[in-house]
Amino acid sequence: MGRISIDFTGVRVTALLEQYLRSLDSKSKKPILGDPRAIEVVNRLDFDFTQFDGMAVGRYAVAVRTQIMDDWIRDFIVQNPNGTVIDLGAGFDGRIYRV
């Protein structure tokens, strides 16, 4: 399959930044989150992610924050098996595949 062309500007670019940082975490030797879907999405998008290279250290904060939220959702689902989880403003987040 070909790459998907996107033209994001402004605040919408933050969804790409978060995805890119999760992909960097996933590529590390000891990932915190380990989200292989993040790598897949970054590889499929026709976007210049190199503009985010200066923010690469942010992958730790993004991975830890994301892992904490994933844990909260898992706990909620265990305690409320008939509950509903709605992920508003999820962007490219692959939480549904991780949780």
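What follows covers helices, ring pairs and salt bridges, in that order.

This is a predicted model, where local features need pLDDT of at least 70 and side-chain atom pairs count only at pLDDT 80 or more, while totals for chains, interfaces and linings use all residues. Residues are numbered from 1 along each chain as its sequence is written, and side-chain values use heavy atoms, with hydrogens and water left out.

**Helix α1**

- Helices (H or I, at least four residues) and strands (E, at least two) are DSSP runs, numbered from the N terminus.
- Helix α1 has 15 residues and reaches 21 Å from its first C-alpha to its last, close to the 21 Å expected at 1.5 Å a residue; that expected span is 1.5 Å times one less than the number of residues.
- "Buried" means under 20% relative accessible area, "exposed" means over 50%, and "partly exposed" is in between (1.4 Å probe, protein chains only).
- Eleven of the 15 residues of α1 are buried, so this helix is largely enclosed by the rest of the structure.

**Helix α2**

- In α2 (residues 36-44), you'll find A38, V41 and V42 buried.
- Looking down the axis of α2, its buried residues fall within an arc of 100°, so they line one face of the helix; the arc is that of the directions from the helix axis to the C-beta atoms.
- Here's a handy background point: an α-helix has 3.6 residues a turn, so residues three or four places apart point the same way.
- The cover over the buried residues of α2 includes α1 and β2.

**Aromatic rings**

- Rings of Phe, Tyr and Trp (its six-membered ring) pair if their centres lie within 6.5 Å; planes under 30 degrees apart count as stacked, over 60 as edge-to-face and the rest as tilted.
- The structure holds six aromatic pairs, and one of them is Y20 with F52: the ring centres are 6.0 Å apart and the planes sit at 45°, so the pair is tilted.
- Y20 belongs to α1 (residues 13-27) and F52 to the loop between β2 (45-46) and α3 (59-79), so the pair ties together parts that are 32 residues apart in sequence.
- Y20 counts as buried at 11% relative accessibility, and F52 is buried at 3%.
- Ring pairs link Y20, F47, F49 and F52 into a cluster.
- R37 lies over the face of Y97, at 4.0 Å from the ring centre (the rule asks for NZ of Lys or CZ of Arg within 6 Å of the ring centre and within 35 degrees of the ring normal).

**Salt bridges**

- A salt bridge is a side-chain nitrogen of Lys or Arg within 4 Å of a carboxyl oxygen of Asp or Glu, and by this rule there are ten.
- R95 bridges to D70, with the closest N and O atoms 2.5 Å apart; R95 is in α4 and D70 in α3, 25 residues apart.
- D70 also pairs with R98, at 2.6 Å between the closest N and O atoms, so this bridge ties together parts of α3 and α4 that are 28 residues apart in sequence.
- Both D70 and R98 are buried.
- D87 forms a salt bridge with R95, the closest N and O atoms being 3.6 Å apart; D87 is partly exposed at 39%, whereas R95 is buried at 9%.
- Salt bridges that share partners join R22, D35, D70, D87, D93, R95 and R98 into one network.

Terms used. Contact = heavy atoms within 4.5 Å.
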